[in-house]
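Visitor: I would like to learn how to read a few features of a helical model. Could we take them one at a time?

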Amino acid sequence: MTDNRDSDTLTLVGNSFGRLPDHLLIEIFIRLPVSEWAQISCVKKQWASLFLGECLWQAALMRTFPSASQAKRWPGPIPQGLSKRRFAALYVGKHIFALDNDIDEIVGHTYLFLKEQLELSNMPPPSGILHGTIIDQFITCGKSRDVAHELASQIWLAVLDNLEENQHTFLLLKRLALEGDVFLPFPYSRSIKVQWRVFEKLFTDFRNCFDQADYYDVLAIAKNKFQPIPSAWLGF
């Protein structure tokens, strides 16, 4: 009997909540943890459509990142996008890079750009093109060559550390490791830290994915680039 009563109460509450107008639902949703938004959007079609629309993301952007309304659009190859994209970029800047200044949104956008290019494409552009696009974005926004190179390196390292551990990532990392060395002037050359991380992940996180021939091919390139190499990388 108690179970039936509880069920009736939940149904009544659910129905009452469902009758709220969209603008009130939006005000409620943006006050809930971001980690719950995906689950909330699956409850009802009406709620899903709110998360697909611009109004909710505009409200979330203004509530979570009030200074976003003062941000100017920037030139460069990586677009700023609409409110949902801007929210994601600012969230990345704050939570992955711990930034809270005028550079956080640009860093977030470049992170999302690089991660999507590497994850969503069966054949991503060569790393030199991706790296050059990021460098151009920062230089166009007024950053010095040194700052652009350091920010690009941080973004590469963060993206590499946040790729899913699956076959696609293994093939991607192997392709990055096997890319031929092309001389590019500073700051368009990837930093040694980024190159090291590619090999480090291959020989630690993805070691069991290698066949013997691939392992020794990648190991030979690693020995060419780095001296000495860690003993943990040795031995198939």
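Visitor: At what angle do helix α8 and helix α9 pack, and how far apart are their axes?

Guide: Bear in mind that this is a predicted model. Helix α8 covers residues 127-140 and helix α9 covers residues 145-161; they pack at an angle of about 130°, and their axes are 9 Å apart.

Visitor: Which residues of α8 and α9 meet?

Guide: From α8 the residues are S127, L130, H131, I134, I135, F138 and I139, and from α9 they are R145, A148, H149, L151, A152, I155 and W156. Sorted by class, this contact of α8 with α9 has ten nonpolar residues, three polar and one charged.

Visitor: How do α6 and helix α7 cross?

Guide: Helix α7 runs over residues 104-120; its axis and that of α6 come within 7 Å and cross at roughly 100°. With 65 to 115 degrees as the range for roughly perpendicular, α6 and α7 are therefore roughly perpendicular to each other. On the α6 side the contact is made by R85, R86, A88, A89, L90, V92 and G93, and on the α7 side by D104, E105, G108, H109, Y111, L112, F113 and E116.

Visitor: How many nonpolar, polar and charged residues has the contact of α6 with α7?

Guide: Seven are nonpolar, three are polar and five are charged.

Visitor: Let us turn to a loop. Is Q80 buried or exposed?

Guide: The cut-off for buried is under 20% relative accessible area. Q80 has 6% relative accessibility and so counts as buried. Q80 sits in the loop between α5 (54-64) and α6 (83-95).

Visitor: What does the side chain of Q80 make a polar contact with?

Guide: The partner is the side chain of E105, at 3.3 Å. Apart from neighbours within four places in sequence, Q80 is in contact with K72, R73, W74, R85, R86, E105 and H109. Among these, R85 and R86 of α6 and E105 and H109 of α7 also take part in the contact between those two helices.

Visitor: Is P79 buried or exposed?

Guide: Exposed means over 50% relative accessible area. P79, found in the loop between α5 and α6, has 61% relative accessibility and therefore counts as exposed. P79 and I106 are 27 residues apart along the chain, and their C-alpha atoms are separated by 9.5 Å.

Visitor: What about helix α5 itself: which of its residues are buried?

Guide: L56, W57, A59, A60 and L61 are buried in α5. The buried residues of α5 pack against α2 (22-29), α3 (37-40), α4 (45-52) and α6.

Visitor: Where is V34 found?

Guide: V34 is in the loop between α2 and α3. Its relative accessibility is 32%, so V34 counts as partly exposed. With neighbours within four places in sequence left aside, V34 is in contact with F87 and Y91. V34 and A148 are 114 residues apart in sequence, and their C-alpha atoms are 30 Å apart in space.

Visitor: Which residues does S191 touch?

Guide: Not counting residues up to four places away in sequence, S191 touches H149 and S153. S191 has its place in the loop between α10 (167-178) and α11 (192-204). With a relative accessible area of 9%, S191 is buried.

Visitor: Now the backbone. What is omega for the peptide bond from F186 to P187?

Guide: Omega is near 10°, and the bond is cis. P187 lies in the loop between α10 and α11. A cis peptide bond also joins Q227 and P228, with omega about -5°. P228 lies in the segment after α12 (212-225).

Visitor: And what is phi for A98?

Guide: Phi of A98 is positive, about 55°, although A98 is not a glycine. A98 is found in the loop between α6 and α7, and its relative accessible area of 65% makes A98 exposed.

Terms used: Residues are numbered from 1 along each chain as its sequence is written. This is a predicted model: local features need pLDDT of at least 70, side-chain atom pairs count only at pLDDT 80 or more; totals for chains, interfaces and linings use all residues. Side-chain values use heavy atoms; hydrogens and water are left out. Axes are lines fitted to C-alpha atoms, for helices over the stretch in contact, and angles run from 0 to 180 degrees between N-to-C directions. Helices (H or I, at least four residues) and strands (E, at least two) are DSSP runs, numbered from the N terminus. Contact means heavy atoms within 4.5 Å. Ala, Val, Leu, Ile, Met, Phe, Trp, Tyr, Cys and Pro count as nonpolar, Asp, Glu, Lys and Arg as charged, and the others, Gly among them, as polar. Buried means under 20% relative accessible area, exposed over 50%, partly exposed in between (1.4 Å probe, protein chains only). A polar contact is a pair of N or O atoms within 3.5 Å; within protein, one must be able to donate a hydrogen and the other to accept it, and residues adjacent in sequence count only if both atoms are side-chain atoms. Angles under 35 degrees count as roughly parallel, over 145 as roughly antiparallel, 65 to 115 as roughly perpendicular and the rest as oblique.
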